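Subject: Structure handover and findings

Hello,

Here is the structure we discussed. My notes on it follow below.

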Amino acid sequence: MSCHRSQLRPAAFAVALGASLLLTAQAAPTQARADDPLVVQAREALRVNDQARLARLAQTLGQAGHPLAQWAEYWVLSAGLAKAQQADLNAFYARWPGSYVEDRLRNDWLLELGKRRDWAGVGLEFPRFRMNDDREVTCYALIARQTAGEGQRTLRDEARAAWMAQRDVDDGCQLMARYFVEAGVLDEDDAWAHARQAAEFNRPRALRAAAALVSPAAAQGAAALLENPARYLTRLPPTPNATQRELAVLALARIARTDPAAAAVQLESSWARRLRAEQAATAWALVGKQTAVRLQPEAVGQARLAWQHWQRAREKSPPPWSDELLGWQVRSALRQPREDRDWALVQRAIAAMSPASRRDEAWVYWDALATRALAARGPAGAPERALASEQLGPLASQMSFYGKLAAEALDQPYGLPNPAQPLRPPEREQAAAHAGLNRSLHMLSLGLRSEGIREWNFSLRGMGDRELLAAAQRACEREIWDRCINTSERTRGEVDLAQRFPTPMRELVVPKAQEVGLDPALVYGLIRQESRFITDARSHVGASGLMQLMPATARWTARRVGLNYTPQMINDPEVNLHLGASYLKLVLDDFDGSLAMAAAAYNAGPNRPRRWREGQVLEPAAWAESIPFNETRDYVKKVLSNSIFYRAMLGRDMPALATVLGPSIGPREAGARPPDRNLP
């Protein structure tokens, strides 16, 4: 029998399922069921927008009391939100109180209410939104509060923060910005700040939208500079007006993204004088960031010029530069030889960061080293050296790259944390009965990984250390290693190293690593970072398997090691491990045994670290921190830190991180073995 549209309305559907779905609200720990394939079919019906089939499957799952029936009902309601009414949502909330899908649907509904401009509805729903992790929803909620008459002073800081956090143009935050500019809560300075940030991060739509909030002339100028920034600058008058000066800063930022040297010439030749001092400071800072990303030595001088112009503006407050821009000022200083390093620039840039960024382990460490380096010799510098030790002390207890470096800087032995107490039977039983964890594990067993992970993470909210350890143990025992590791890493007072650094497939990993001449701890450290031991993991760029091999790299390595290989073998754990370990050994040899450069090469390809090693000779920690790619920088630090813990897990002594990092990194010495340019 065919289904008419009227039969698929959310309200009618909810009535049909209500009684049967209540049976699954307190479902026992889940096991495989004969009707599990219907859940997968329902998800596929959602993907292809077959709402009639989705509704039939959801009703069948609900009548059967399937523990994942609430997901099927959520998919039905989310697909029909455009026609839904608040009563439909309230009925769903009442059936699944406290569940992930309740809060997920509330998130979707808040977005729908915002699109409808139903500010009263947003105002009622938003306080019940527990995740509160959707930036667009936050912007809609701010509009609702403003239209309800909340004071402008109360809202300004929140509205500005939400707008500045917007990654690209969306309906909610752009509408909020327009509302608040018209109401006088935000002003032109806020709009220009947003436009400068958009220029820095190459978000042309956001730049254009921010300029449009200032004036039609600003919008027209933004369009022109986005089309050709250099030409736009040539068309400005010798004495530009206020709007034209702001647009000139944006044009210089656009030029700097592709040619920072050309932008520097523009500033040096005339624009530094034609702009206000604080605008020239920002322009130099933006140019300096792009120069630093390219690891060019001029970046330090450009950062210094930025600060000189800022001081010339007699601005006593920190400049309104992004934390990432300030971070690149620090990295530009770190690219100098240690004996010539501008430690004052390091401290100045870190001090200007937001409080959250100043707490980042990297900046705590380098700020402390700057304090120590700038201290006077002898007794006169004792207070500064004591302050540096005070900064490093809390960091030295952290299980991280900079935690280890901090301990070594304090000449403290780096030991393992005290082991967590074994889980007690009631703690295990509580985790085994947790409905959200059970739904997640059921989802994961069906291959619905995205939904399963979201359900799992929601279930961890509010858990204490013991609950987290029990949840992690459930994942470990099911060999869902990413949930095992990620959950255990959330604990603070108690640490279970076997959960955080598991050693699955030891019978494969250890002999294969030794066979190719690698430390098994390094291979484990790399797999933990690459795939979390998910054998069929596949990245968004196409890397596959335990060691996340790209197809071309797998083919090339197979030829080098003489393996009869076909593409279908890439996810076979033994083959993937053999090829990945062999490739890692090849890049390690190519970089003369430098683990930092080998890890960077494994993640970003060998040619990039070859370029990154050019210039000054640096200690490996400074070299690693100055890696231009955020992902690769984080990757190198985590792989090397992981490998030290894996030595302990394999029953060996933990070496100093400085020993693992090896000697200084710089240009390849004359006469040294040339690099293998055939490496992919």
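Thr491 touches Asp465, Leu468, Leu469 and Arg500, leaving aside residues up to four places away in sequence; contact here means heavy atoms within 4.5 Å. This threonine, Thr491, sits in the loop between α29 (481–488) and α30 (497–500). Helices are DSSP runs of H or I with at least four residues, strands are runs of E with at least two, and both are numbered from the N terminus. Thr491 is buried, at a relative accessible area of 2% (buried is under 20%, exposed over 50%, partly exposed in between, with a 1.4 Å probe and protein chains only). Its side chain makes a polar contact of 2.9 Å with the side chain of Arg500, and a polar atom of the Thr491 side chain lies 3.0 Å from the backbone oxygen of Ser488. A polar contact is a pair of N or O atoms within 3.5 Å; within protein, one must be able to donate a hydrogen and the other to accept it, and residues adjacent in sequence count only if both atoms are side-chain atoms.

This is a predicted model, in which local features need pLDDT of at least 70 and side-chain atom pairs count only at pLDDT 80 or more, while totals for chains, interfaces and linings use all residues. Residues are numbered from 1 along each chain as its sequence is written, and side-chain values use heavy atoms, with hydrogens and water left out.

On confidence: pLDDT is the predictor's confidence in each residue, from 0 to 100. The protein chain has a mean pLDDT of 93, and 95% of its residues reach 70 or more. Over residues 1–28 pLDDT stays under 50, and the model has 43 contacts for them beyond four places in sequence.

On aromatics: the structure holds 21 aromatic pairs. The ring centres of Trp71 and Tyr74 are 5.9 Å apart with the planes at 90 degrees, so this pair is edge-to-face. Rings of Phe, Tyr and Trp (its six-membered ring) pair if their centres lie within 6.5 Å; planes under 30 degrees apart are stacked, over 60 edge-to-face, and the rest tilted. Trp71 and Tyr74 are 3 residues apart in helix α4 (residues 69–79), about one helical turn. Trp71 is buried at 0% relative accessibility, and Tyr74 is buried at 7%. Trp612 and Phe629 are also edge-to-face, at 5.5 Å between centres and 80 degrees between planes. That pair links distant parts of the chain, with Trp612 in helix α36 (residues 607–612) and Phe629 in the loop between α37 (620–625) and α38 (630–649), 17 residues apart. Trp612 is buried at 5%, whereas Phe629 is partly exposed at 34%.

On the core: the largest nonpolar core has 207 residues, and those touching the most other members are Trp75, Leu267, Leu275, Tyr365, Trp366, Leu518 and Trp623. A nonpolar core is a set of buried Ala, Val, Leu, Ile, Met, Phe, Trp, Tyr and Cys residues joined through side-chain atoms within 4.5 Å.

On the backbone: Arg117, in the loop between α6 (100–116) and α7 (119–125), has a positive phi near 60 degrees. Asn202, in the loop between α11 (188–200) and α12 (204–212), also has a positive phi near 60 degrees.

Regards
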